[in-house]
Structure formats: C-alpha cells, structure tokens
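Take the chain as a whole before turning to its parts.

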Amino acid sequence: MAPDVGRQEDDMQSSNPVLNRSSAFAPGQGQAYPGAAPYGQPGPYGYGQPGQYGGPGGPGQQYQGAPADSRPMTLDDVIVKTSLTLGVVVLTAALAWWWTPDNLVTPVFLAGALLGFAMAMVLSFSRRVNPVLVMVYAAAEGAFLGIGSKFIAAWVGDSGIIVQAVLATMVTAGLTLATYKYFNIKVTPRFTRMVIVATMGFAGVLLINLVLSLFGVGTGISGMGPMGLLFAAIGAGLAVFNLILDFDMIEQGVRHGAPQNEAWRAAFGLTVTLVWLYWNLLRILAILRGGD
C-alpha cells in the first residue's frame with residue numbers, strides 16, 4: 001500500500017469493524033458517559049462534531065484518560081492478551097486435530113465455524129469486551145481450524161503444509177507491520193471505508209455461498225479449484241489491509257490512553273484477522289500444490 005493513504009487524526013473513526021464499537025480507539029475519545037449513542041447514531045443531543053465521542057456520528061466529551069480504577073492500555077497489554085488468545089486457538093486446534101472422533105468431524109467443524117461467527121458478531125457489537133467470550137471465540141475458531149487444516153493436509157497428502165501456512169502467516173503479518181511502521185503508512189477515513197465495505201461485501205458473498213451449499217448448490221468459491229484460488233487470494237489481500245487498520249487503531253488507542261480493558265478488544269481484532277489470513281494462505285498453498 002502506498003504511503004500516501006494519509007491519516008487524519010482529528011476525524012478518525014474506528015477502522016476495523018471489530019474495533020468499531022469502542023470510542024477508546026479514536027483520537028481524543030474514550031469512555032462514554034451513560035446514554036451516549038453508538039457510532040453513526042444520533043444521541044439525545046443530536047449529532048456530534050468530529051473529535052467528539054463517536055466521531056461525526058455521536059455526541060459526547062473529549063477523552064480525558066483512563067478511569068480512576070484503571071490504567072491506560074499499553075502495547076505490552078495488547079501483546080500479552082493477543083498471545084493468550086492465539087494460544088487458545090492453537091491449543092484447541094491441536095486437540096481438535098488429534099482427538100475428534102471420525103463420526104464427529106463434520107459436526108465439530110460446523111459447530112466451530114458457527115459458534116466462532118456468532119461470538120465474533122456478539123463481540124464486534126459489544127460496547128465492552130468480555131474476556132471470557134474472547135476465549136470462547138478463540139476455542140471455537142481453534143476447533144474449526146484444527147479440523148479444516150487436517151482435511152486440507154489430507155487432501156494435499158502432506159501435513160507439512162500446515163507449518164508452511166503458519167510461517168507464511170507470520171511472515172506476512174511481520175512484513176505488513178514493518179511496512180506500516182517504516183513506510184509510515186497513513187490511514188484515512190476514505191481508506192478505512194473502502195476496506196470495511198470490501199470486507200463486509202466479501203463476508204456477505206461467503207455467507208450466501210454457505211447457505212447455497214446447504215441446499216446442494218456449489219459455486220466453487222469455497223472449493224479447491226480456480227474460483228476457490230481467486231477468492232482465497234482476495235481474502236488474503238483483504239486480511240492484510242485489515243491488519244493495517246488493526247495496527248493503526250492499536251497505535252491510536254495506546255497513544256490516546258484507552259483503558260486497559262480495551263487491550264482485549266485489540267487482541268480479539270488481531271486474532272480475527274490473523275485467523276482469516278492463515279486460512280486463506282493455507283487454501284492458496286493447497287490449491288497451488290494440488291490434491292494427492
């Protein structure tokens with residue numbers, strides 16, 4: 001992404017949809033007073049001005065720092081909580097891979113996918129993130145990834161592809177972070193809207209495809225053919241753009257004194273993006289290698 005994407009801190013809205021419910025991730029914003037309207041909705045005193053709670057869509061006051069019973073969020077908080085969340089994903093994936101009985105593979109796979117989606121929706125639209133629900137989401141995604149990864153490894157005929165996909169995810173995330181920092185990528189509201197609209201549209205297509213597949217209609221989007229490769233590549237690209245939004249919002253939250261508990265929201269957002277990135281990279285590698 002070119003460095004001229006430009007950040008406008010005085011009118012920044014929450015970028016990643018996962019982080020969109022928290023005003024603590026926007027400059028000059030933080031804990032809302034009771035009754036303040038969510039982003040994009042009118043409150044009891046009409047619409048607010050840029051730089052107030054909820055950006056251009058909600059009234060409120062300037063963020064004055066973390067509450068008295070809390071300290072501001074730090075980058076270490078985000079790193080620790082993200083490590084815990086990803087650790088649950090990896091542990092549950094390993095358990096699902098090795099211990100799921102053959103007759104329960106499909107039910108556990110579908111249950112993990114549906115529960116993960118449900119938890120993601122609940123957490124994305126929550127004003128305060130519950131760490132327990134974050135761990136439930138991580139466990140559900142782990143079950144989904146464990147069984148899904150085992151299926152793909154069997155299809156390719158080489159479980160080593162899982163290690164390759166993990167390494168590819170780590171390298172991609174690292175390069176994205178390095179590019180964001182060293183090329184001083186700026187995130188503007190326009191860039192944010194473009195990524196969010198594209199991500200929501202992509203998710204909508206996948207949801208429609210899932211519903212169609214339940215009725216026996218195949219589109220190839222989630223398959224292992226050319227159409228599947230195309231959509232996996234699009235998904236990986238969107239995941240990279242969402243990583244940029246994640247990094248920017250975390251940087252904003254730390255800089256402007258978001259409460260410590262918001263580190264769980266940041267960890268959840270990063271986990272969502274990294275899981276999505278891994279799954280699409282795994283599919284790309286598998287399709288390029290072909291089935292056994």
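What follows moves from the overall fold to helix packing and then to selected positions.

The model is predicted. Its protein chain has seven helices and zero strands. Read along the sequence, the pattern is α-α-α-α-α-α-α. Of the 292 residues in the chain, 45% are buried. The accessible surface comes to about 14100 Å². Carbon and sulfur atoms account for 68% of that surface.

Now to the packing of the helices. Two packed helices are described by the angle between their axes and the distance between the axes.

Start with α1 and α7. Helix α1 covers residues 75–99, and helix α7 covers residues 262–289. Their axes come within 8 Å and cross at roughly 45°. The two helices are therefore oblique to each other. The crossing of α1 past α7 is right-handed. On the α1 side, the contact is made by D77, V78, K81, T82, L84, T85, L86 and V89. On the α7 side, A263, W264, A266, A267, L270, T271, L274 and V275 take part. By class, the residues of this contact divide into 11 nonpolar, three polar and two charged.

Helix α7 also packs with α4. Helix α4 spans residues 160–182. The axes of α4 and α7 come within 9 Å and cross at roughly 130°. That angle makes α4 oblique to α7. Here too the crossing is right-handed. From α4 come I161, I162, Q164, A165, V166, A168, T169, T172 and A173. They meet L274, L277, Y278, L281, L282, L285, A286 and R289 in α7. The residues of the α4 contact with α7 divide into 13 nonpolar, three polar and one charged.

Helix α2 runs over residues 105–124, and helix α3 over residues 131–156. They pack at an angle of about 145°, with their axes 8 Å apart. The crossing of α2 and α3 is left-handed. The α2 side of the contact consists of V105, V108, F109, G112, A113, L115, G116, M119, A120, V122 and L123. The α3 side consists of L133, V134, V136, Y137, A140, E141, A143, F144, I147 and G148. These residues divide into 17 nonpolar, three polar and one charged.

Look at T92, which sits in α1. At 18% relative accessibility, T92 counts as buried, because the cut-off is under 20%. Beyond its neighbours within four places in sequence, T92 is in contact with A139, G142 and A143. A143 also belongs to the contact between α2 and α3.

V156 is in helix α3. Is V156 buried or exposed? Its relative accessibility is 7%, so V156 counts as buried. V156 and L285 are 129 residues apart in sequence, yet 9.5 Å apart in space, C-alpha to C-alpha.

F231 lies in helix α6, residues 226–255. F231 counts as buried because its relative accessibility is 16%. Leaving aside neighbours within four places in sequence, its contacts are F202, V205, I221 and N280.

Move to K181, in helix α4. With 47% relative accessibility, K181 counts as partly exposed. K181 and I244 are 63 residues apart in sequence. Their C-alpha atoms are 9.8 Å apart in space.

End at N184, in the loop between α4 and α5 (189–214). What is the phi of N184? N184 has a positive phi of about 50°, although it is not a glycine. Most residues other than glycine have a negative phi. N184 counts as partly exposed, because its relative accessibility is 40%.

Definitions and conventions
Residues numbered from 1 in each chain as written. Predicted model: local features only at pLDDT ≥ 70, side-chain atom pairs only at ≥ 80, totals over all residues. Heavy atoms only, no water. Axes fitted to C-alpha atoms, helices over the stretch in contact; angles between N-to-C directions. Helix = DSSP H or I, 4+ residues; strand = E, 2+ residues; numbered from the N terminus. Parallel < 35°, antiparallel > 145°, perpendicular 65-115°, else oblique. Left-handed = near helix turned anticlockwise from the far one by under 90°. Contact = heavy atoms within 4.5 Å. Nonpolar A, V, L, I, M, F, W, Y, C, P; charged D, E, K, R; others polar. Buried < 20%, exposed > 50% of the residue type's maximum accessible area, 1.4 Å probe, protein only. Areas by Shrake-Rupley, 256 points an atom, 1.4 Å probe, with all protein chains shown as cover.
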